[in-house]
Amino acid sequence: MLLQMTMKKLKTSMIVGLGIATLAGCFPKASEVIRSLPVENKEQILAKYNQAEIAEGQVLFTSNCAKCHKLKEPESRTPEQWNKTLKRMIPKAKLNDRDGQLVRAYLIVNAKES
Ligand code: HEC
């Protein structure tokens, strides 16, 4: 009897676990998408995003990236450095994939020369 109940519990938790795993697979976390972005330079970013998108990236940056520390100047880092740092910071700021990519576009376009 006791064994039967334990088995039932085990089965239920296995089903719940599988369900969560499947759901997570369908909605990859922002961090995964951001982490998989290639290292891009200014020219590549300008070819992919228009001025309105870059302006939106600036707004998202100023409103989301000064919660834990002061805003870091875009010119304080090279595109290579932003590519690396943003893989950690965009998930910290809990930005979705699109917003994260716009912040990244704004920062790389305004980064210091590498
Ligand atoms: C939840 C808090 C939090 C948010 C939100 C956050 N940061 Fe950070 N940031 C940190 C902490 C903590 C550090 C220092 C530790 C580290 O480098 O991981 C840091 C360090 C940095 C650094 C210096 C380290 C480096 O690698 O150059 C930069 C640049 C930076 N953040 C940019 C950003 C940008 C851009 C955003 C918005 C997308 C952002 N941060 C949002 C917590 C945060």
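1. Order of elements. From the N terminus on, the elements of the chain run α-α-α-α-α-α. The chain holds six helices and zero strands. This is a predicted model.

2. The chain as a whole. Of the 114 residues in the chain, 31% are buried. The accessible surface of the chain is about 8,000 Å², and 62% of this surface belongs to carbon and sulfur atoms. Take the contacts between residues at least 6 apart in sequence: 82% of them join residues at least 24 apart.

3. His 69 sits in the loop between helix 4 (51–64) and helix 5 (79–92), while Met 89 belongs to helix 5, so the pair ties together parts that are 20 residues apart in sequence.

4. His 69 has a relative accessibility of 31% and counts as partly exposed. Met 89 is also partly exposed, with a relative accessible area of 22%. Residues count as buried under 20% and as exposed over 50%, so the 22% of Met 89 puts this residue in the class between.

5. Surroundings of the ligand. The ligand is surrounded by 15 residues, and the closest are Cys 65, Cys 68, His 69, Arg 88 and Met 89.
   - His 69: an N or O atom of the side chain is 2.8 Å from a nitrogen atom of the ligand.
   - Arg 77: a polar side-chain atom is 2.8 Å from an oxygen atom of the ligand.
   - Thr 85: an N or O atom of the side chain is 2.9 Å from an oxygen atom of the ligand.

6. Asn 64. This residue is in helix 4. Is Asn 64 buried or exposed? Asn 64 is buried, because its relative accessible area is 16% and the cut-off for buried is under 20%. A polar atom of the Asn 64 side chain lies 2.8 Å from the backbone oxygen of Leu 60. The side chains of Asn 64 and Lys 67 are joined by a polar contact of 3.4 Å. Leaving aside residues up to four places away in sequence, Asn 64 touches Ala 93 and Leu 95.

7. Lys 92. Helix 5 contains Lys 92, which counts as exposed at 57% relative accessibility. In sequence Lys 92 and Cys 68 are 24 residues apart; in space their C-alpha atoms are 9.4 Å apart. Cys 68 is also one of the residues closest to the ligand.

8. Glu 40. Where does Glu 40 lie? Glu 40 lies in the loop between helix 2 (30–36) and helix 3 (42–48). At 8% relative accessibility, Glu 40 counts as buried. Its side chain makes a polar contact of 2.9 Å with the side chain of Lys 48 and another, of 3.0 Å, with the side chain of Arg 104.

9. Other neighbours of Glu 40. Not counting residues up to four places away in sequence, Glu 40 touches several residues, including Ile 45, Pro 79, Asn 83 and Ile 108. Glu 40 and Pro 79 are 39 residues apart in sequence, and the distance between their C-alpha atoms is 7.2 Å.

Definitions and conventions:
Residues are numbered from 1 along each chain as its sequence is written. This is a predicted model: local features need pLDDT of at least 70, side-chain atom pairs count only at pLDDT 80 or more; totals for chains, interfaces and linings use all residues. Side-chain values use heavy atoms; hydrogens and water are left out. Helices (H or I, at least four residues) and strands (E, at least two) are DSSP runs, numbered from the N terminus. Buried means under 20% relative accessible area, exposed over 50%, partly exposed in between (1.4 Å probe, protein chains only). Contact means heavy atoms within 4.5 Å. Accessible areas come from the Shrake-Rupley method with a 1.4 Å probe; for residues, only the protein chains shown count as cover. A residue is near a molecule or strand if one of its heavy atoms lies within 4 Å of it. A polar contact is a pair of N or O atoms within 3.5 Å; within protein, one must be able to donate a hydrogen and the other to accept it, and residues adjacent in sequence count only if both atoms are side-chain atoms.
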